[in-house]
Amino acid sequence: MAGGTPWFDCPIPPRLSPYADAVQEWLTHWLTRVEPTLGGAVAERVRHAGFARYAGRLYPEAGEADLRTISALFTWFFLVDDHCDDPRRTPGEVDALRAGVARLLRDGPTAGHPGLTGPLRRLLADAWQAPAARMPARWRNRFADAVAHHLAGVRRQVADRTAGRSPSRAEYVPLRRATSAAYVSYVLIEFATGHALPDAVVHHPLLARIAATANDLLSWFNDVISLDADRAGSSGHNLVLVTAAERGVPLSTATELVADEWRTTMARFVALRAAAPSFGPGLDEAVAAYLDAVANSVRGTIDWSLESARYPASGRYRR
């Protein structure tokens, strides 16, 4: 902490796709073309949020067409997040949404389901066309599994909110890894880089630890920067709120404790990444691209959050 401002010392260099701003302009037009019923207010919110710049920070070497696809998928996930943040949303509705999304991802856009209808269905069906056509079945299944894991976490969050229940730290940390959707973004690395990885490599214990640690880093930073909003309606689903409740300390102290833990976790991430083993000349290039993108997810989340209108309190934080 310095002058009351949390300090996030991130040694990962910043990256940004040269196509990011052009894709951001395209993204607004895509949204209103595919789903004109959403109206100008949603399109304007998407424009100011800068989701294409977020995607461009995570996948800086993706081609322009692929960055468009990823940015469209990112936009869909953020719209789902806003949809599920509605305090009127029920766990049953999220269950139905999860089933509908799984049906579309696994069986194709012609496979209807009552849980996924309207704008969310049409936007996902359009954004999913390129990955569905290009990527192998094992990758598509892994993507669908990651999305299902994410929505299961969202369902638990909605259930806690409905019941007025706050999670413990032991419950919250693994749950936050699901609600962040970081694991979905990690599956997209292969689509963005063109480097395929066998499932056995992706699930290698050390690579899984690296991915989980990066997920914690980006999730906890997001918890700090979105604290004001989460205090109003998250039912305690924020690491700062969980820390304050379990340790019986003010939010300012809890924020400092989370920032301290973030810096310790960052040091562990750097050490884990350096210890990644060789998988042989046929795979090491793909593994290096994967680990670079996982690291980009941390730095990219920080840099995008500090520039995006989605987080109006970002000016209080330093990196």
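Which residues in H1 meet which residues in H3? Ala-20, Asp-21, Val-23, Gln-24 and Leu-27 in H1 meet Phe-51, Ala-52 and Arg-53 in H3, where contact means heavy atoms within 4.5 Å. By class, the residues of this contact are five nonpolar, one polar and two charged. Here Ala, Val, Leu, Ile, Met, Phe, Trp, Tyr, Cys and Pro count as nonpolar, Asp, Glu, Lys and Arg as charged, and the others, Gly among them, as polar.

The model is predicted: local features need pLDDT of at least 70, side-chain atom pairs count only at pLDDT 80 or more, and totals for chains, interfaces and linings use all residues. Residues are numbered from 1 along each chain as its sequence is written, and side-chain values use heavy atoms, with hydrogens and water left out.

Now the geometry of the pair. Helix H1 covers residues 20-34 and helix H3 residues 51-58. They pack at an angle of about 140°, with axes 8 Å apart. Axes are lines fitted to C-alpha atoms over the stretch in contact, and angles run from 0 to 180 degrees between N-to-C directions.

Step back to the whole fold. The protein has 16 helices and zero strands. Helices (H or I, at least four residues) and strands (E, at least two) are DSSP runs, numbered from the N terminus. Along its principal axes, the C-alpha trace spans about 50 × 50 × 35 Å.

The lining of the largest cavity consists of Asp-81, Cys-84, Asp-85, Val-154, Gln-157, Val-158 and Arg-161. A cavity is a set of points, on a 1 Å grid over the protein atoms alone, where a 1.4 Å probe fits but cannot get out; lining residues have an atom within 4 Å of a point. H8 gives the most to this lining, with four residues.

Key:
1 Å grid on protein atoms, 1.4 Å probe; cavity = no way out; pocket = protein on both sides within 12 Å on 5 of 7 lines; lining within 4 Å.
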